[in-house]
Amino acid sequence: MGVINLAHGAFYMVGAFCRPTPRPERLVLARRVGSGSSARPYTRCLSKPASCAASTTAITSTRYWPTLAVVFFTNELITVLFGRSPPAMPTPEWYSSFVEVLPGLMYPVSRLLFIAAGAVVAIAMWLLINHTRLGMLIRAGADDHEMVGALGVNIARLYTLVFVFGSVLCGLAGFMAAPLLSVEIGMGEKVLITTFVVIVVGGVGSVRGALAGALLIGMVDGLGRAYIPQLLDQLLPAEVSGTLSGGLISASAYIVMAVVLLVRPRGLLPARALRRTPCSRRVLIDLLCLATFALLPLLASLLHEPFLVSLFTRLAIYGMAAASLDLLIGYGAMISFGHAAFFGLGGYVVGVIGFHTSQALPLWGWDGSNSALLVWPLSLLVCALFAVVVGYLSLRTSGVQFIMITLAFGQMLYFVLSSLSLYGGDDGILLSERNTLPGIDLDNPVQFYYLCLGLLVAWLLFCRRLVNSRFGYVLRGLKQSERRSISLGLHPLRYRLGAFVIAGVGGGLAGILWANYAMFVSPDMGAWHKSGELMAMVILGGVGTLLGPVLGAAVYLGLEQCSACGPSTGC
């Protein structure tokens, strides 16, 4: 279908919850949210012609945005139905039993059931896709759905059928795995990332590749959990190995994916290459509307609502991060799912330096500093160097592979930050004070707001000048036709890497401001769902508009703030 279904994990979670519970009426409600009945409305969003997504089969953000919304909606709906602490679900006795497969070799019945079900599903899908008329229509629809529709095939119904079929299989997997796993809200997100890794490693659109990727990732995960701690214990001191082993085990699958994509960009057993087509090109830059932001402190004072200054400070910071991501998506057709890594890295450099400064602990012989004129450029330099490495390796791929390898690097950084026990691990770092800047009191909310607003305006002006320069025209030309640009003597990697580094610096600057705003940094700043939030802001405001993502951030944060208000909060 050419759609990245970010809601796949949500259907897995719904399938896990569709089991007997102490309150059967909730099971009935959960089933209504389940794989079959809920898939049709979502596929309408994917199959209706809309901007660039309707005219092509390219992997574009407008086609997977509805599925990202489903993830958040389903999590909240399950919370309403089952509460924050779901009830315990009974496990069948035969699930925990063993059977003798060979003399002296006992094997769990549940594992045999999984193997048999997986083999049956794989064979059935291979036969369906390659040896039936329906499979022929599915393959043709994924390649050119307009031509298939012109031949009289109801493409919306075809997409709905495929989506429902995949969702039912995912729900069945969750139903079968629930007795062995901890059933909790958000459990599908972990499975979603692993599923994407498996598909990309094996090869998008290939059943054989999916099986090969699943075996490889499963073996790497199992062997890593068994041998990585032992290996690190022999090579490193006990306190260091204990800290690094957990993060290295969690990042092992992403390391394997990165290696596979660097060696075989299309995966181990690819079906065929994905076409890349340009997205819509709209330039609606109107920076004059930002003048209204300058009057906000006065309005907040008149309304006696100082919280508005804090809210719009957040808006300016997230708007800068979203605009930097729009530079990649809207003008370079580079859909990065690891952009939050720069946001987190920029904040963490500030946090680490602030930690060593406040604790009087030398950092590689340096006593540290709290001056923004020193700390902020150093943080941006670290972000730029990280962007050079990630961009140089990631830009050897394209399409889904590029999305997943940027996700892999982002998750690697996330696990590294989580494993830094000196800096709080998963709990993050609490800053004792903000950085100092000559002539500006960053502890004053209004002055800090104007600083964020000024940096946002400067960033938007810089991006506007960039996209209208020769560099920007080349970048958009590469998005439209890479082959034609190469024939003109241009080097795609040079320009795309430049844009990737610039966007990474913008994300890092937003992370620096956030660390000073919240006076707290944590690994969640660089997690994949933070990249999803930034992408939602870009899409809400308009891809390829620069100012649009700022407005998208306003809508997103406004809805988030409204949803947090209620009778219990006094809003």
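Q: Which residues of helix α20 are buried?
A: This is a predicted model, just so you know. In α20, which runs over residues 470-480, the buried ones are F471, G472, V474, L475, R476, L478 and K479.

Q: And what covers those buried residues of α20?
A: The cover includes α15 (307-332), α19 (445-467), α21 (482-487) and α22 (492-518).

Q: Switching to rings: how many aromatic pairs are there?
A: The count comes to 13. One of them is F402 with F500: the ring centres are 6.4 Å apart and the planes sit at 85 degrees, so that pair is edge-to-face.

Q: Where in the chain do F402 and F500 sit?
A: They're in distant parts of it, 98 residues apart. F402 belongs to helix α18 (residues 399-418) and F500 to helix α22.

Q: Buried or exposed, those two, F402 and F500?
A: F402 and F500 are both buried.

Q: OK, how are W459 and F462 arranged as a pair?
A: They're tilted, with 5.7 Å from centre to centre and 35 degrees between the planes. W459 and F462 are three residues apart in helix α19, so about one helical turn separates them.

Q: What's the relative accessible area of W459?
A: It's 9%, so W459 is buried. F462 comes out at 40%, which means partly exposed.

Q: Which residues form an aromatic cluster?
A: Y318, F343, W514 and Y517 form one.

Q: Last one: what lies over the face of F448?
A: That's R434, at 4.8 Å from the ring centre.

Key: Residues numbered from 1 in each chain as written. Predicted model: local features only at pLDDT ≥ 70, side-chain atom pairs only at ≥ 80, totals over all residues. Heavy atoms only, no water. Buried < 20%, exposed > 50% of the residue type's maximum accessible area, 1.4 Å probe, protein only. Helix = DSSP H or I, 4+ residues; strand = E, 2+ residues; numbered from the N terminus. Contact = heavy atoms within 4.5 Å. Phe/Tyr/Trp six-rings, centres within 6.5 Å; stacked < 30°, edge-to-face > 60°. Lys NZ or Arg CZ within 6 Å of the ring centre and 35° of its normal.
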